[in-house]
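Hello,

Please find the structure below. My notes on the metal site and the salt bridges follow.

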Amino acid sequence: MQTPSTTPTGPRRVLWSALALGVQLSAPFLGQLGGARVIGAQAAPGAPARARASQSSSIEAPRSTPGVSRELAEYRAKHVRDVRYELQLDVTRPDTAMGRVTVKLMQDRTTDIVLDFRGQAVRTVVANGVALQGAPHDWWDGAHVRIPAVYTRAGGNRLEIVFASPIAAAGASIIRARDVTDGADYLYTLLVPSDANLLFPCFDQPDLKARVSLSLITPPSWRALGNGSLVRSDSTASHRTHTFGETAPLSTYLIAFAAGPWSIVTRNAVIAPRAAPTPLSVWSRRSRASEVEADTLIAMNARALHWLGDWFGVPYPFGKFDFLLAPVFPFGGMEHPGAVFYNEESFIYRERPTMSQLLGRQATTFHEVAHQWFGDYVTMRWFDDLWLKEGFATFMAARMQASLDPTSNAWKTFYLRNKPVAYATDATAGTTPVWQSLGNLDQAKSNYGPIVYNKAPSILRQLEYLVGERAFQRGVQAFLQKHAYANATWRDLLGAIGTAAGRDLTPWGTQWILRPGMPVVEQQLTVRAGRISHLALVQRPAQPSVSGRGAWPIKMQLLLYYDGGRTSTRLPVLLNRDTTIIREAIGRPAPSFVFANAGDYGYALVLPDSLSVGWLEQHIGSVRDDLERAMLWGALWDLVREARLAPARYAALALRELPNERDEQIASALAGRVSTALTRYSEPAAAHALRARAESVFLRGAADSTLPYGQRKSQLDVAISLARDSTSMARLTGWLDANVAAGLPLRPPTRWAIVTRLMARNAMDADARLRAESLRDSTSEGRRLAFVAEAARPMEETKRRYFTRWFADQSLNEEWVTSSLRAFHDPERAELSRPYLVPALDTLSWIQQNRRIFFLGSWLNATIGGQQSAESLADIDQWLRAHPSLATDLRQKILQSRDELERTVAIRRTFHVVTP
Ligand SMILES: [Zn+2]
């Protein structure tokens with residue numbers, strides 16, 4: 001089998017084939033070039049000399065390299081300003097957008113102008129009224145359009161470029177999603193972080209913000225959404241032209257449009273204190289319009305806009321606000337100013353949603369709306385500071401939820417959604433600092449991941465706790481005012497907060513922003529004669545080889561738990577050395593347990609002492625505070641992951657407490673951990689006895705009508721995923737026939753989960769069930785889930801076919817591939833997917849170039865996550881040794897995913913026998 005790394009099928013091939021075919025340009029664009037003068041060696045005798053002078057001069061723009069180098073970005077940011085793009089795109093063809101852009105800019109000197117463009121074709125370039133001479137490859141190398149200094153001038157410049165860009169299901173900046181229900185095509189863009197230059201020639205760097213005027217030519221019946229307001233719409237029999245007003249200054253990665261036969265619902269809402277109501281619209285596919293909870297979603301967005309404008313001290317800064325539910329969207333959402341895109345799949349429910357799903361939708365909404373200020377209004381200067389916008393958006397989403405709905409226990413949700421994920425990456429040998437150096441924009445995708453999404457908001461919570469809420473808010477407000485519609489770095493932010501707090505935060509930033517890795521805090525507790533004789537918190541780096549030595553400064557709350565929580569004590573503690581002895585605690589009565597990070601203000605993996613573990617194993621369910629209970633369950637789980645507590649013991653404890661657990665999110669986390677303990681961390685033989693008990697607990701939980709719906713549903717989901725023997729298979733098919741499972745009505749997503757499980761277990765009538773379900777649910781979602789179910793089939797031929805198709809089939813949407821990875825790499829059938837471990841690693845460079853931001857992480861997590869053996873771990877290590885010159889970012893991503901396999905192997909080795 002040939003891997004894709006040796007058979008390129010991505011944009012590079014598309015590019016050359018398009019050039020070879022000679023892409024035809026639309027008449028409207030060509031017509032506008034008629035008036036251009038032509039300059040050449042004879043027509044402009046002075047030109048060659050000036051060009052030579054420019055090339056040998058020290059002020060020449062950097063040489064072109066692929067992508068956008070930091071050097072090029074810095075050069076342009078220094079010499080270019082006041083950029084405007086007038087962008088016209090004709091998207092009436094299925095595979096190609098015909099474009100024309102007028103770029104206006106000020107330049108402080110006469111120098112080459114280098115624009116970034118890696119689309120399909122450049123036809124003509126006219127600079128300041130003069131057409132560039134020669135063939136396209138003279139000034140376009142597939143990555144950059146270089147306009148020699150001879151054509152440019154100090155002061156105002158006007159460039160007109162006619163070009164073509166791809167439209168495709170995957171690998172293009174204009175994504176085409178076909179609705180199989182009604183055959184309609186929907187287009188939307190996704191330019192983050194480095195694909196604006198795949199769409200049109202531009203300065204693709206966040207700190208050259210530009211005002212954008214977009215006009216789109218579409219089929220006559222289509223509607224179009226852009227960052228700016230629609231100001232005109234002109235129709236002819238053959239097409240419609242949508243003209244949008246000029247935007248506020250935007251970074252290129254934030255430019256967006258959508259076009260297609262979208263359905264629109266508009267409501268008036270108040271989005272700023274004392275402001276009049278303004279119209280907000282939600283856009284969705286026609287075939288799903290009736291399922292959209294338009295009023296709920298519009299109200300949720302409006303509430304967030306209102307609250308954030310108040311908190312930041314800046315009303316919503318981009319005029320109009322609309323949002324779109326994008327089909328087969330590869331992210332949860334994208335914060336384009338004025339035109340936010342959300343993932344349709346997580347915003348429209350095909351079955352009754354659990355609380356986790358509802359909270360997830362709200363968190364995504366609040367996150368994207370917070371970006372309108374943090375990311376859109378003030379933008380990081382370069383993607384090394386990606387954490388600034390992502391960390392803030394997630395932190396502010398929780399802050400807002402805590403304020404808007406004080407009973408929601410928002411910080412518990414924040415803990416559950418962020419901390420375990422952050423720790424699971426940050427404690428690996430592949431971790432990175434929050435601030436990540438970035439030499440070239442085309443590697444920016446690697447900077448995305450749990451460090452910026454989950455660690456960054458966690459350290460902002462720590463920072464707010466350190467300086468106090470008021471100083472934190474005042475600092476953020478000053479930062480936003482100072483850098484309005486412009487760019488800033490983390491030093492600017494810490495400077496502003498430090499000024500408001502009256503302290504220098506530089507040492508704090510050095511430790512938390514620049515230093516990679518994280519602390520592990522071990523509790524040491526000694527009790528003599530019923531009193532505390534010694535209590536210490538001992539800090540060490542999770543990965544000394546990555547983080548170096550020395551303590552992180554951490555401000556936490558230490559909980560001494562007494563008397564069922566009624567007379568507990570919380571001591572503020574400052575950890576700034578390896579061992580911190582808690583002198584205030586010595587001599588106090590022995591507590592039931594201690595916990596170093598009460599309230600979850602600190603960022604550290606806290607490992608409880610044995611006395612506390614002993615008490616918690618007996619009484620954890622009696623801890624009433626939901627956040628504390630969630631964190632204590634998390635701390636015990638961390639002991640499992642450190643191979644200090646047997647997974648079967650944790651599973652038995654969780655199964656004992658689950659029937660009494662009344663918090664839906666905690667119950668769901670426990671159910672997931674039981675599943676991991678049984679299917680990953682325990683040998684199949686060792687898990688056997690506990691598995692039957694687990695299945696019966698989950699089935700009872702699913703059927704318990706006194707429990708909240710979401711709690712029942714999450715237990716049903718785990719019961720389905722654990723089903724193995726013929727009795728369980730028969731139960732699953734019985735549920736499909738009755739269309740009811742454990743008293744809960746079945747809807748398509750859960751029906752498909754059952755079919756996928758039948759496929760994975762090679763159940764007797766699995767094929768017939770798959771066929772029947774495909775007929776029953778022929779929607780786009782149904783087809784995607786059928787593709788997933790088929791990937792689970794435990795046959796060599798299926799695995800081979802999928803692995804090939806993932807790369808070879810260009811009509812296959814990327815989101816389909818992502819969805820099918822887990823089913824393909826079924827941990828219970830690791831022997832079938834293990835042959836693909838090394839080929840999967842061989843594809844990484846290709847994936848980095850051709851897939852979107854989160855794909856590479858999903859690819860590695862699913863591929864390595866499907867393995868559990870020491871032999872597979874050895875395969876990975878052997879591969880790493882054989883690739884000593886592998887790019888650092890890719891090596892780090894592999895090490896991040898490898899960590900869980902290494903832990904799995906260590907846990908299995910340590911705990912052979914079930915011990916409950
Ligand atoms: Zn974000």
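Buried means under 20% relative accessible area, exposed over 50%, and partly exposed in between (1.4 Å probe, protein chains only). This is a predicted model: local features need pLDDT of at least 70, side-chain atom pairs count only at pLDDT 80 or more, and totals for chains, interfaces and linings use all residues. Residues are numbered from 1 along each chain as its sequence is written, and side-chain values use heavy atoms, with hydrogens and water left out.

Zinc site. His367 (NE2), His371 (NE2) and Glu390 (OE) coordinate the zinc ion at 2.0 to 2.1 Å. Donors are N, O and S atoms within 2.8 Å of the metal (3.2 Å for Na, K and Ca); water is not among the atoms, so sites may look incomplete. The spacing of the donors along the chain is H-x3-H-x18-E. Histidine 367 is buried at 8%, and histidine 371 is buried at 0%.

Salt bridges. The rule is a side-chain nitrogen of Lys or Arg within 4 Å of a carboxyl oxygen of Asp or Glu. The count comes to 68.

Arginine 288 and glutamate 781 form one of them (3.5 Å, N to O). Both partners are buried: arginine 288 at 3%, glutamate 781 at 8%. These two also belong to a salt-bridge network, which includes Asp179, Glu344 and Arg784.

Aspartate 663 pairs with lysine 412, with the closest N and O atoms 2.5 Å apart. Lysine 412 is buried, at 4% relative accessibility. Aspartate 663 is buried too, at 7%.

Glutamate 900 bridges to arginine 641 at 2.7 Å between the closest N and O atoms. Glutamate 900 is partly exposed at 21%, whereas arginine 641 is buried at 12%.

Best regards
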